[in-house]
Amino acid sequence: MLIRIDPGDPRPLYEQIELQVRAAIGDGSLAAGERLPPARELAEDIGVNVHTVLRAYGSLRDAGLIELRPRRGAVVSAASPPRQQLAAMARGLVERAREHGLSPAEIVDLIAGQL
Amino acid sequence: MSDGTAGITGMSGGTHRGVAAALVCGLESALLATMVAVPAALWSRLPPRLADHFTLAGTANGDLPRLVTFLALGVMAVPGAALFLAGWLAGRRGGSGGRPRPGRTPLVTGAGVMAVGLMAVGLFLTAMATGSVLLVSVVNLGHGGLRSDSVGPGAMPLLVGGSALVTAFAGLVLRRFGGFGAADGEAPPVRLGLRAGERAVWSGRARAPWALPAGTLLIAAGVLTRVLATPWGLTIVLVLTGAATFCFTSVRVTVAARGVSVAYGMLGPRLTRFRLSRIASAAAVELRSFSFGYRGSLLVFGSAAVILRRGPALRLTLRDGKTFTVTVDDAATGAALLNDLIGAL
């Protein structure tokens, strides 16, 4: 799983982390039962405050995508609802499409073309 | 070796590889020649029956006719010579088994490693057989057959140790002259393309495919021993072995600004760590079934590796010329990030 933090991105740092974890769960690169990096370690590696990572993890827990367990840390939920997984994948797709300069209408057309 | 065809014998690897291969081939030939020459030279001075079997303490406890003894020892050398030949041929043709698949980095170290591994095992077996011939010849020289001959308790360790030394020498020659190391003509490092100020971390995992069933089986067997009321010692051994199987058969690799760390999967004790300043470049390679000739962790001799399965692996080329390879999923992303981080130093 790759997590990139861009200080020039208008989105808050915690949201950048959250989106990338969502995308990793969505595309299957993070499987159910896998542990996310410990918050302190991740914060140190990407140069953010540990509370920023904890906020992202909290948001993912609220969405039912991960569980926060004492000692074991953040673990991908065994039963991430399929709809949530699809939503995570869609969100990742939208992010990538925006990065490539596609407009919302073009993104919708892209998906409609696959139906 | 980006075309996947070069081997350890210098087809495109330069003079040094040819010299290394010639030296090692010469060593194998010399061992085989010694096996024939020594009995031939001493034939008339050896008794008709030779003490050829010894207890662990080194006392002779069996004998055979002279010809049969040397033929039997000669047969022992056949698997060694065959493995050596297989390794040499694998090295000549690159050993990687054909063309690289499109979109994948061909394995550049594994072919050489497999060839060298086969040659090393072959050399070891040949050295053992030759050592046995020498030992039997010397012990029986001038005697009249089976008697209270003793090779002494140090003979077996000497035989194994000497063979290991011969093998280690050959390994060092091949390593020094290009057996294991990074290959010639590698593709330039792939980069992720981090923007200025952007920070990133990547982590990937790999698990030995047999670990889950094997660990489960061992722990289930441990539980069964309680049902059968066998001694506790057996239960403890089975459960601990099962737990160790789970713990030490998966790895987590992390690439970040502080370097590359490799930790065992479940409990996470760190296996090794490389600071960015030690790494020259990184690449994703595709390991085939027998690319490395072994599965496990080997952190010695410079060309260290943690090999748990076939498939994608991250290979680091260190600034001192050594390499480190670890099997991990999505190694391409890890390698690309690492090349970015190194480039930013």
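**Entry 1: the model.** I note at the outset that this is a predicted model.

**Entry 2: the interface.** I looked up the residues that chains A and B bring to their contact. I found 13 residues of chain B in contact with 14 residues of chain A. On the chain B side, the elements that give two or more residues are β3 (199–207) and α7 (331–343). I recorded β3(B) as giving the most to that side, with five residues.

**Entry 3: strand pairing between the chains.** I next asked which strand of chain A pairs with β3(B). I found that strand β1 of chain A, residues 2–5, pairs with β3(B) in the antiparallel sense over four bridges. For Arg4(A), I noted Ala200(B) as the bridge partner in β3(B).

**Entry 4: the largest nonpolar core.** I looked up the largest nonpolar core and found that it has 56 residues. Leu314(B) and Val326(B) are the residues with the most contacts inside it. I also noted that α7(B) gives the most to this core, with seven residues. I then listed the contacts of Val326(B), leaving aside its neighbours within four places in sequence: Val251(B), Val253(B), Val262(B), Ala305(B), Val306(B), Ala313(B) and Leu314(B).

How values were computed. Residues are numbered from 1 along each chain as its sequence is written. Chains are lettered from A and ligands numbered from 1 in the order in which they are written. This is a predicted model: local features need pLDDT of at least 70, side-chain atom pairs count only at pLDDT 80 or more; totals for chains, interfaces and linings use all residues. Two residues are in contact if their C-beta atoms, placed from the backbone, lie within 7 Å. Two strands pair if DSSP finds at least two bridges between them. A nonpolar core is a set of buried Ala, Val, Leu, Ile, Met, Phe, Trp, Tyr and Cys residues joined through C-beta atoms within 7 Å. A residue is buried if 20 or more other C-beta atoms lie within 10 Å of its own, exposed if 12 or fewer, and partly exposed in between; C-beta atoms are placed from the backbone.
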